[in-house]
Amino acid sequence: MQARRSAIIFAWLLLAPAVLYVAAIVAYPLVDTLILSFTDASLKRVTNWVGWVNYDRIFNATFAEVILRTFVWTFFSVAIKMVIGTFGATMLNAAVPGRALFRVLTMPPWIVPMAIGIFMWGWMYNGQFGMISGLLQRFGFVDGPVAFLAHGSTAFWATIFTDVWIGVPMVTLYMLAAIQAIPQDLYEAAWTDGAGRFYRFRRITLPLLLPAMITMSMISLISTFNSFDIIWILTQGGPSGETTTMIIDTYRTAIGSKKYGEGAARAVLICIFLSIFCIAYFRVTSRLAAGEKR
């Protein structure tokens, strides 16, 4: 009994640094933000407890559009990254000449500092001297300059395309590692039985890649949902709020308008959404693990 108690105490001593780190870095800011969300804290007034007032102000038609836009932006960005990344990983894993060169060429969007890459895309989207508008005019697709970031619909898809360009290399390399972990004996047996390439991909590659795809989708979803740099550098949420997502709206409220209580309420809502995503992820992976054990 004494030995077991000593082992438990020793285990807690080993865990203490990690527990203190999580408490200081994660738990305390989270609790402090939650408390702040129930106040009218701002730069101009003494902080008072206001209860659910900040949350009542959130749920209006304008913020509902922001929530919907955030989910649409995240869905399309993650979906396109997963499709391109999985397809690219399959191609990079194929025995083709110059495969090593192709693998190196996937890295620049990831290697280039994000801010520089976003500024580059901002220059290419410019209607007067941007490369994309110039090429469209040169080949006769449009009659005049196209200012992609000046119109809501084009600005929305421009930010998605930029996020895809930045995020695809990570997805590609992750999926490439997952593909290379699949036993080659399965492919050889299927090839011996006369299975074609598409059949092998559909019956072997995709099912065995499913856990990796779910994990990568969740990582990309959390990162994309919280993406701030791309939208802020390109459009700052404009034009007319057409690219304003929840994280941009939270920043504008808390930092731009100095309404810390309302901004904290928005941050809590973001945390709730991401927690729901994580719970769904763990449930899906648990079911997959249970299915594999059977």
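**Surface.** I started with the accessible surface of this predicted model. The protein comes to about 18100 Å², and carbon and sulfur atoms account for 69% of that. I then looked up burial: 36% of the 294 residues count as buried.

**Nonpolar patch.** I found one of about 570 Å², made by Phe 75, Phe 76, Ile 80, Val 83, Ile 84 and Trp 157. Which element gives the largest share of the patch? Helix H3, residues 61-93, supplies five residues, and that is the largest share.

**Ile 80.** Ile 80 is found in helix H3. Is Ile 80 buried, partly exposed or exposed? I have Ile 80 down as partly exposed, because its relative accessibility is 31% and that class lies between under 20% for buried and over 50% for exposed.

**Overall dimensions.** I checked the radius of gyration next. The protein has 24 Å, whereas a compact globule of 294 residues would be near 19 Å. Along the principal axes, the C-alpha atoms fill a box of roughly 85 × 75 × 30 Å.

**Contacts.** Last entry: sequence separation. I took contacts between residues at least 6 apart in sequence, and 65% of them join residues at least 24 apart.

How values were computed. Residues numbered from 1 in each chain as written. Predicted model: local features only at pLDDT ≥ 70, side-chain atom pairs only at ≥ 80, totals over all residues. Heavy atoms only, no water. Patch = residues over 30% accessible without salt bridge, like charges linked within 9 Å, V, L, I, M, F, W, Y side chains within 5 Å. Areas by Shrake-Rupley, 256 points an atom, 1.4 Å probe, with all protein chains shown as cover. Salt bridge = Lys/Arg side-chain N within 4 Å of Asp/Glu carboxyl O. Helix = DSSP H or I, 4+ residues; strand = E, 2+ residues; numbered from the N terminus. Buried < 20%, exposed > 50% of the residue type's maximum accessible area, 1.4 Å probe, protein only. Rg over C-alpha atoms; globule rule 2.2 N^0.38 Å. Contact = heavy atoms within 4.5 Å.
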